[in-house]
Amino acid sequence: MTDMTNNNDLRMAYRPKLFTEYCNFENSKTLRILNRQMQRNALPRLLIFDGDYSTGKTSASLLLGMWSSCEQWIDRMPCGQCGGCNFVLNSQHQGTWRANYYGLDGTDIDANEIDEIFRQTNHYMPPYQPRGKRPDELIPNIVSIDEAHRTQPKIQERLLTLVERWTKTSIILLTTKLDKIDDGLIARGTTYRFQHPSLQQTAARLLCVAEAESIPLTEADALWIAEQHDGAVRESLGDLDTLKSCGITSPEEVRQLLGD
Ligand SMILES: [Zn+2]
């Protein structure tokens with residue numbers, strides 16, 4: 001995630017802060033279900049987010065972290081603006097608590113770290129107590145493991161043991177290779193499939209952002225950019241970011257700059 005540290009970057013600025021802000025929300029069973037489960041405080045204990053790179057898995061896990069940390073839920077949704085939400089969304093730290101969200105990279109987890117997170121969340125107060133008006137019910141902390149398929153088999157086994165006892169936490173495993181995830185974890189967890197939006201949906205999103213940022217982008221160019229990235233929103237927004245940083249002022253410059 002080292003390429004995303006600039007908060008002015010359009011990819012960061014336009015990261016969805018609600019599931020309904022995904023441009024493919026209406027067409028995605030996964031996003032609709034997560035939205036309802038979040039609203040009803042009915043998240044499974046173990047969630048497995050499966051899908052290609054740039055399909056919105058990281059955004060979804062951050063969003064659930066914001067929900068867990070938000071100080072002023074609006075209709076039981078994260079506000080996206082308070083201290084708790086911002087801490088989750090804008091801090092890039094891995095391997096430490098960001099309010100009630102803990103992000104890990106599967107490539108370098110050791111068993112002690114897993115045990116320590118378990119101990120922290122199950123035996124003493126969660127690290128962050130949202131202050132605002134919230135229903136009087138237990139909201140789980142969120143522990144998210146990126147590149148979960150790179151986690152050593154013995155760590156996956158350890159997770160399987162702990163997940164049964166991990167009552168105050170929902171664990172999210174993010175993966176592009178479901179076949180490398182322990183069968184026991186898959187059986188125990190709930191798998192959510194993430195997919196790229198259609199080219200038209202991505203193009204519509206680009207046009208929205210372009211208008212807000214005063215970037216001269218035609219419908220045809222928006223679709224062309226989306227096509228270059230197979231509909232991946234993050235990469236397409238990266239192109240838009242390039243156009244913005246180069247200060248283009250007319251539609252003709254778009255392909256002059258981005259074309260080969
Ligand atoms: Zn908030």
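Which residues of helix H9 (residues 219–228) are buried?

Analyst: Happy to. Please keep in mind that this is a predicted model, and that everything below is computed from its atoms.

In helix H9, which spans residues 219–228, the buried residues are Asp-221, Ala-222, Ile-225 and Ala-226. Viewed down the axis of H9, these buried residues fall within an arc of 140°, so they line one face of the helix. Glu-219 and Ala-220, on the other side of H9, are exposed. As for what the buried residues of H9 meet, they pack against helix H8 (199–212), helix H10 (233–245) and helix H11 (252–258). After H9 comes Asp-230, with a positive phi near 50°.

The domain assignment gives domain 1 (16–193) and domain 2 (199–258). Taken over C-alpha atoms, the centres of domain 1 and domain 2 are separated by 31 Å.

In soluble globular proteins, nonpolar side chains tend to be buried together. Here, the largest nonpolar core has 59 residues, and those with the most contacts inside it are Phe-49, Met-66, Ile-172, Leu-173, Leu-206 and Leu-240. Helix H3 (residues 57–69) gives the most to this core, with 6 residues. At least three residues of the core come from each of domain 1 (16–193) and domain 2 (199–258).

Leaving aside residues up to four places away in sequence, Leu-240 touches Leu-10, Leu-206, Val-209, Ala-210 and Ile-215. Met-66, for its part, lies in helix H3. Met-66 counts as buried because it has 29 C-beta neighbours inside 10 Å, the cut-off for buried being 20 or more. With residues up to four places away in sequence again left out, Met-66 touches Pro-78, Gly-80, Cys-85, Val-88 and Leu-89. Met-66 and Met-77 are 11 residues apart in sequence, while their C-alpha atoms are 8.9 Å apart in space.

The buried residues of H4 are Gly-84, Cys-85, Val-88 and Leu-89. Seen down the axis of H4, they fall within an arc of 120°, so they line one face of the helix. The cover over the buried residues of H4 includes H3, S2 and S3.

Next comes the sheet. It is an open sheet of 6 strands in the order S2-S3-S4-S5-S1-S6, with mixed pairing. Strand S2 (97–98) and strand S6 (190–193) stand at the edges with a single partner strand each, so one side of each is left without a neighbour in the sheet.

Strand S3 (residues 101–105) runs parallel to S4, and 5 bridges join them. Within that pairing, Asp-105 stands opposite Asp-146 in S4. S4 also pairs with strand S5 (residues 169–175), in the parallel sense and over 5 bridges. Here Val-143 stands opposite Ile-171 in S5, and Ile-145 stands opposite Leu-173 in S5. The chain goes from S4 through helix H6 (residues 153–163) to S5, a β-α-β crossover that is right-handed.

Finally, a few backbone angles to look at. Most residues other than glycine have a negative phi. Besides Asp-230, with its positive phi near 50°, Asp-75 also has a positive phi, near 50°. Ala-99 sits in the loop between S2 and S3 and, with 27 C-beta neighbours inside 10 Å, counts as buried.

Methods
Residues are numbered from 1 along each chain as its sequence is written. This is a predicted model: local features need pLDDT of at least 70, side-chain atom pairs count only at pLDDT 80 or more; totals for chains, interfaces and linings use all residues. A residue is buried if 20 or more other C-beta atoms lie within 10 Å of its own, exposed if 12 or fewer, and partly exposed in between; C-beta atoms are placed from the backbone. Helices (H or I, at least four residues) and strands (E, at least two) are DSSP runs, numbered from the N terminus. The arc is that of the directions from the helix axis to the C-beta atoms. Two residues are in contact if their C-beta atoms, placed from the backbone, lie within 7 Å. A nonpolar core is a set of buried Ala, Val, Leu, Ile, Met, Phe, Trp, Tyr and Cys residues joined through C-beta atoms within 7 Å. Domain bounds come from an automatic or database domain assignment. Two strands pair if DSSP finds at least two bridges between them. A crossover is right-handed if, with the strands pointing away from the viewer, the path from the first strand over the helix to the second runs clockwise.
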